[in-house]
Amino acid sequence: MPIITVEHLSKHFKVYRRRTGFWGNLSSTVARQHDIIRAVDDVNFSLERGELVGYIGANGAGKSTTIKMLTGILVPTSGHIDVMGLTPYRHRKENTRRIGVVFGQRTQLWWDLPVIDSFELLKHIYEIPQNLYKQNLEFFSELLQLRPFLSTPVRRLSLGQRMRCDLTAALLHDPEILYLDEPTIGLDVVAKEQVRQFLRQVNAERQVTVILTTHDLNDVEKVCQRLIIIDSGKIIYDGGIDALKERYGKTRMLIIDLAQGYSDIQLEGVDLIRRDGNRIWLAFDRDTISASEVITQLTARYEIQDLTISEPEIEEIVRRIYELGVH
Ligand SMILES: Nc1ncnc2c1ncn2[C@@H]1O[C@H](COP(=O)(O)OP(=O)(O)OP(=O)(O)O)[C@@H](O)[C@H]1O
Ligand SMILES: [Mg+2]
């Protein structure tokens, strides 16, 4: 039984056109013109308990809108959402008790209160039993090293500190699902790595199902087992990261150290994309020519000292998918 099932989910926003001038002033007397934005458009997916899924897409693709519907903040225009047997926007209270939410762009904590006071408030709001609260607070304070700033007002925290507090706040009540909308936005490399490590641990040790949106594909590659890509409101990929590379990453790169500086490099079916002294970078389409054919050609004409073959980076593959779309 999936923990989350989304069927034919759509969210369409009506945006009214602003009118100016004489006719604009009369607009209350005529039907107002509007555009429909299909932020989420017939989306289907399901998640099994314990999965850790990356939900990615370009700006405006529909990620946050999906998360908002899953958490019950937004009511879908059409379609069905089943989260642990609940319909989030209908059973908002019960759903909220069983999920944790982090929006990287803004804190869920009380700005002027010391961090610990926010946690205490959440304890009351979620009616967390004292034992569990103490246990969890201790666990997260230790793991995320919160102790030095537990009595600091949230507004004085650095972004990295605040994110660690937001993660704790989202998990104090032991939710079964954790939704994260850009949890690493604005963080430095070290802080990002801490968040990733933390999410892996929470997922593995506490069996929390995690869905996260991000623009940092390192998050996905280092944390997620599965990737869902949304583009203009539609899912264009749902599967493993290796499978994505397999399916769309057809370009291979060979990096070759030549024994000497040949003046002219000529090879069929291969692009010479860079040259630096005796080192050359060759790109080829693995559907057109195999690596061994390229190497055979090379060794027949040039003396080679060393060579490495590299897979395309996920960044490169996803960029191509965003640009060209996948149909
Ligand atoms: N309340 C709203 N009213 C009208 N349009 C909206 C509203 N919320 C979102 N949209 C539009 O819906 C589309 C999807 O927005 P959404 O915030 O879900 O994108 P996103 O994938 O989260 O993008 P980003 O990566 O920039 O956060 C965008 O075109 C956005 O302008
Ligand atoms: Mg967003």
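Which residue's side chain does a polar contact join to that of Thr 107? In this predicted model, the partner is Asp 166, and the contact spans 3.0 Å. Thr 107 sits in the loop that runs between S5 and H4. Its relative accessibility is 16%, and Thr 107 therefore counts as buried, the cut-off being under 20%. A polar atom of the Thr 107 side chain also lies 3.0 Å from the backbone nitrogen of Leu 109.

Trp 110 is partly exposed, at a relative accessible area of 33%. Together with Leu 121 and Ile 125, Trp 110 forms a nonpolar patch on the surface. The accessible area of the three residues together is about 250 Å². Ile 125 belongs to helix H4. With 48% relative accessibility, Ile 125 is partly exposed. Arg 97 is 28 residues from Ile 125 in sequence, yet the two C-alpha atoms are 9.3 Å apart in space.

The shell around ligand 1 numbers 14 residues. Gly 60, Lys 63, Ser 64, Thr 65 and His 215 come nearest. By residue type, the shell divides into 6 nonpolar, 6 polar and 2 charged residues. Oxygen atoms of ligand 1 take part in several pairings with the protein. In one, a polar atom in the side chain of Ser 64 lies 2.8 Å from a ligand oxygen. In another, a backbone N or O atom of Ala 61 is 3.1 Å from an oxygen of ligand 1. For Glu 182, an N or O atom of the side chain lies 3.4 Å from a ligand oxygen. Taken alone, ligand 1 exposes 630 Å², and the protein buries 65% of that area. Strand S1 (4-16), strand S2 (34-47) and helix H2 (63-71) are the elements that each give two or more residues to the shell. Of these, H2 gives the most, with 3 residues.

Charged side chains were then considered. The structure holds 20 salt bridges. One of them joins Arg 98 and Glu 176, with an N to O distance of 2.9 Å. Arg 98 lies in helix H3 (residues 92-98), and Glu 176 in the loop between helix H6 (159-171) and strand S6 (177-181), so the bridge ties together parts 78 residues apart in sequence. Both partners are partly exposed: Arg 98 has a relative accessible area of 23%, and Glu 176 stands at 22%.

The loop between H6 and S6 supplies a further partner, Asp 174. Asp 174 forms a salt bridge with Arg 206, the closest N and O atoms being 3.0 Å apart. Arg 206 lies in helix H7 (residues 189-206), so this pair ties together parts that are 32 residues apart in sequence. Arg 206 is partly exposed, with a relative accessible area of 26%. Asp 174 is partly exposed as well, at 35%.

Glu 268 and Arg 301 make another salt bridge, with 3.1 Å between the closest N and O atoms. This pair links distant parts of the chain, 33 residues apart. Glu 268 is in the loop between strand S10 (251-258) and strand S11 (271-276). Arg 301 is in helix H10 (residues 291-301). At 49% relative accessibility, Glu 268 counts as partly exposed. Arg 301, at 39%, also counts as partly exposed.

Salt bridges also link residues into a network. Its members are Lys 192, Glu 193, Arg 196, Arg 200, Asp 216, Asp 219 and Lys 222.

Terms used:
Residues are numbered from 1 along each chain as its sequence is written. Chains are lettered from A and ligands numbered from 1 in the order in which they are written. This is a predicted model: local features need pLDDT of at least 70, side-chain atom pairs count only at pLDDT 80 or more; totals for chains, interfaces and linings use all residues. Side-chain values use heavy atoms; hydrogens and water are left out. Patches are made of residues with over 30% relative accessible area and no salt bridge: like charges are joined within 9 Å, nonpolar side chains (Val, Leu, Ile, Met, Phe, Trp, Tyr) within 5 Å. Accessible areas come from the Shrake-Rupley method with a 1.4 Å probe; for residues, only the protein chains shown count as cover. A salt bridge is a side-chain nitrogen of Lys or Arg within 4 Å of a carboxyl oxygen of Asp or Glu. Buried means under 20% relative accessible area, exposed over 50%, partly exposed in between (1.4 Å probe, protein chains only). A residue is near a molecule or strand if one of its heavy atoms lies within 4 Å of it. A polar contact is a pair of N or O atoms within 3.5 Å; within protein, one must be able to donate a hydrogen and the other to accept it, and residues adjacent in sequence count only if both atoms are side-chain atoms. Helices (H or I, at least four residues) and strands (E, at least two) are DSSP runs, numbered from the N terminus. Ala, Val, Leu, Ile, Met, Phe, Trp, Tyr, Cys and Pro count as nonpolar, Asp, Glu, Lys and Arg as charged, and the others, Gly among them, as polar.
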